[in-house]
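Got the viewer open and a hand on the selection tool? Let's take a walk through this one, stop by stop.

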Amino acid sequence: MFKDRVLFIDGEALIIDKPAGLPVDRPRDRSESLEDLLDQLTFGFERLPVPVHRLDRDTSGCLLLARNPKAMKRFGQAFEAGQVTKRYVAILDGVPAQESGEIDLPLGKVSTIEEGWRMTHDPKGKSARTRWKRMEVHDGRALVAFYPETGRTHQIRVHALEGIGIPIVGDPVYGRGGPALMLHAQSITVPRPGKPDVHGDAPLPARFHHIGFGRPAHG
């Protein structure tokens, strides 16, 4: 399953292009998760790799795994120090008036019996900052690049809705839902002192192309 999805590998790090629909941690419904498939990602090592961060189940793209405990500690420290550079792309269900911007909206969790839990702007919540840039416009929607400077749960999804004012296409919690969430972790870079950066680029998935984004113009 993963042989064609490896974006970076060395003795410390592994970056895969996680498919949409696959949760990183085992969910309550006991459906298959990345946790169940880690033995496919050893590539000659006896030790199982460990995910350093998380992507939502329906978000595809770059996921970093550490191949030994020392690397796990070092990568964890790089995340905590804000040294990791990430770029996501999403299709918004509308077109932002501005070409780019910065969103600084602290986030907190709210929960109701009817709707379950979700994240929302909370002045007393955890700091959350995201830069964004409009990339393409097609058929009343926009492809937007997001550069999160913090790593809060659902950060980009909430910042799209509450920061820009337009939800991500297919978002079942913060938007109108649909067949697929149009959010993709396109690249990640983790610096390593004295060594080359750990870096991966995940190609734009077919579901983006199917609704008119990311293909070269014909004419």
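**Stop 1**

Start by selecting Arg30, which sits in the loop between strand 2 (13-18) and strand 3 (50-51). Before going further, bear in mind that you are looking at a predicted model. Check the backbone of Arg30: phi is near 65°, a positive value in a residue other than glycine. Most residues other than glycine have a negative phi. Is Arg30 buried or exposed? With a relative accessible area of 66%, Arg30 is exposed.

Now move along to Phe43, also found in the loop between strand 2 and strand 3. Here phi is near 45°, again positive in a residue that is not glycine. Phe43 counts as partly exposed, at a relative accessible area of 33%.

While you are in this part of the chain, show the side chains of Glu35 and Arg26. They meet in a salt bridge, 3.2 Å from N to O. Glu35 is partly exposed at 36% relative accessibility, and Arg26 is partly exposed with a relative accessible area of 36%.

**Stop 2**

How many salt bridges does the structure hold? The count is 15. Side chains of opposite charge can pair when their charged atoms come close.

For the next one, select Glu12 and Arg74, whose side chains meet in a salt bridge at 2.6 Å, N to O. Glu12 lies in the loop between strand 1 (6-9) and strand 2, while Arg74 belongs to helix 1 (residues 69-80), so this pair ties together parts that are 62 residues apart in sequence. Glu12 is buried, with a relative accessible area of 10%, whereas Arg74 counts as partly exposed at 34%.

Lys195 is in strand 12 (residues 195-201) and Glu12 in the loop between strand 1 and strand 2, so the link joins distant parts of the chain, 183 residues apart. Lys195 is partly exposed, at 42% relative accessibility.

Now widen the selection to Asp10, Glu12, Arg74, Arg192 and Lys195: they are linked in a network of salt bridges.

**Stop 1: strand 5 and its partners**

Switch to a cartoon view and pick out strand 5 (residues 85-92). Six of its eight residues are buried, so the rest of the structure largely encloses it. Which strands does it pair with? One is strand 11 (residues 183-192), joined to strand 5 by six bridges and running antiparallel to it. Select Arg87 and you will find Ser187 of strand 11 standing opposite. Another partner is strand 10 (residues 141-148), also antiparallel, with five bridges to strand 5. Select Ile91 to see Leu143 of strand 10 opposite.

**Stop 2**

Zoom in on Leu65 and list what surrounds it. Leaving aside neighbours within four places in sequence, the contacts of Leu65 include Leu14, Ile16, Leu34, Leu38 and Leu41, and also Pro49, Val50, Pro51 and Val52. Glu12, from Stop 2, is among the contacts of Leu65 as well.

**Last stop: helix 2**

Finish by selecting helix 2 (residues 155-164). Why call it largely enclosed by the rest of the structure? Because seven of its ten residues are buried. To colour them, pick Gln155, Ile156, Arg157, Val158, His159, Ala160 and Ile164. Then step off the end of helix 2 onto Gly165, which follows it and has a positive phi, near 95°.

How values were computed:
Residues are numbered from 1 along each chain as its sequence is written. This is a predicted model: local features need pLDDT of at least 70, side-chain atom pairs count only at pLDDT 80 or more; totals for chains, interfaces and linings use all residues. Side-chain values use heavy atoms; hydrogens and water are left out. Buried means under 20% relative accessible area, exposed over 50%, partly exposed in between (1.4 Å probe, protein chains only). Helices (H or I, at least four residues) and strands (E, at least two) are DSSP runs, numbered from the N terminus. Two strands pair if DSSP finds at least two bridges between them. A salt bridge is a side-chain nitrogen of Lys or Arg within 4 Å of a carboxyl oxygen of Asp or Glu. Contact means heavy atoms within 4.5 Å.
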